[in-house]
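Morning, everyone. Please look at the model on the screen, and I'll walk you through the backbone and then the core.

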Amino acid sequence: MPDRKLSARFPADLPAWQALKTHYRDEMKARSLSDLFRRSQQRFTGYSLEAGELFLDYSKNFLNSKTRKLLLRLATEAGVPAAIAAMFAGEAINVTEGRPALHVALRSRLSDQVALDIPGIADTWKTLEQMTQFVCGLQEGRIRGRGGRRLTEIVNIGIGGSDLGSVMASRALRHYWQPGMSFHSVSNVDGTQLADLTEQLDAEATLFVICSKTFTTEETMSNANAARQWITGCLGAAAISEHFAAASTNQAAMDRFGINPQYRFGFHDWVGGRYSIWSAVGLSLALVIGMQRFSEFLAGARRMDQHFRAAPFEENMPTLLALIAIWNNNFLGAESQAILPYDNRLERLPAFLQQLHMESSGKRVRIDGRTVKAKTGSIIWGEPGSNAQHSFYQLLHQGTRLVPVDFILPVKSSGASQDLQDLAVAHCVAQSEALMDGYTEAQAITELVESGLTINEAKALAPHKAHPGNRPSNTILFERLTPETLGQLIALYEHKVFVEGVIWGINSFDQFGVELGKRLADSLSSAVAGEGAYGGDNDSTTGLLARIKRLKQN
């Protein structure tokens, strides 16, 4: 990675960071959002921008021109320009694993000059062509199941990044499913998903797509083996080669499982799990929406890549989102951020972005091995509006915690009545205004008296009805939820998370925190199954295993 001398400096040691601390303490801490709007008659225009099909209104944040200038300076001092160049050049920015992070190459074209010297880059286009042939063959009926039936029930078997991306995108793009095609997923190791699913599936019309780079992931392979057992029971062992495909690099393991060589799709170790939807891991999605739509999905992400790579920071949407998040997290003290999409088809977007943020930024050690000295990452959570308005919005409006919000708002319906989507749009805009402006006790008293309460009754009730306001939010607006806009939206957040990681000095592309529990589970499996003894000395674990054994014997 170029100029990594900057990694020796903690972000808090950078001049811009220190200037931001002083600026917050002396100028912004007592400032209200309403005051910022009063001081700038053109605030909306000055604090909004467009990138591709996405429009970002970030005017409802605790920023003025000086804040923004200092944040942009922070990005430069932290080495963000060099880091962006390094990623697109294919340098080993995933320093702990010694490899590039090249999800951007998966949606690039040759003319983009993305990491062309990296081994395997040309394979990305070969894999896309292989996927095209397979998807078209299946949808046109040239590829069929054991009984000669068309394969219309697509079941993705994966976990984490090999599951969340396909699940989220398939639900978001439900309007684009090809006629007769259906998408299902199996990820949880407890077996109930597959058991419930097989009760409704027609085996002759089902194709399982196993997504596991190593073809050894315990949860995925446990479910895959159970699915193979089901297919064998329904159609015979010979059906395995016609009812299973795989995205993996482990040829020997796929041989043992019985995957048809023509149904195998590879990808490289520089494709991280939570960034893998753009690779062969997106096969299940491509099978249900068609390869043309999948190509549009990739094109949307590429469009955001080009913006991120070329736009100056003051007009760079991912960089500005990252800087706002760092401002909210490290200077204003926000511990979490809510993602609130106003289209129910984006119901899994908060969970997808939760993994992207928290697996990437949940780090306590910098790339140089030293412990971080700033809070990294935020707790990401959310649900679609307007359902969420009737659950946790209470905390957003009147709770004691500062929770910045990203509202995700398609203007046109993705398949239902536009009148209903207009209502959702009105709710979204109203919520962002209410979070900012609030509702004072004086306003509450006036309204309560007008409703017939006495002044004393109104004064007693008013504190309960008042909203403090002053809650920051972004609104990301676009015309309609399409494959291209979804691609842009995901890439926007990918790059946002990357910029945050560069400023904190952490590696956004490893996830060693996922591994410890897996190793312990491996050692405990035989004890839980009653086939071996627990070899550890944790008293709680010993007690739990004894209780589990008794319950299983009842």
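First, a definition: helices (H or I, at least four residues) and strands (E, at least two) are DSSP runs, numbered from the N terminus. This is a predicted model, where local features need pLDDT of at least 70, side-chain atom pairs count only at pLDDT 80 or more, and totals for chains, interfaces and linings use all residues. Residues are numbered from 1 along each chain as its sequence is written, and side-chain values use heavy atoms, with hydrogens and water left out.

Now the backbone. Ala115 sits in the loop between helix 5 and helix 6. Its phi is positive, about 50 degrees, although Ala115 is not a glycine. Is Ala115 buried or exposed? Buried (under 20% relative accessible area; exposed is over 50%, partly exposed in between; 1.4 Å probe, protein chains only). Ala115 has a relative accessible area of 4%.

Gln113 lies in the loop between helix 5 (80–89) and helix 6 (121–139). Gln113 also has a positive phi, near 55 degrees.

Next, Gly385 and Ser386. A cis peptide bond joins them, with omega about 10 degrees. Ser386 is in the loop between strand 9 (379–381) and helix 16 (393–398).

On to the core. A nonpolar core is a set of buried Ala, Val, Leu, Ile, Met, Phe, Trp, Tyr and Cys residues joined through side-chain atoms within 4.5 Å. The largest one has 124 residues. Which touch the most other members? Phe134, Phe294, Trp327 and Leu486. Helix 20 (residues 483–504) gives this core its largest share, 12 residues. A second, separate core has 23 residues, including Phe208 and Ile259.
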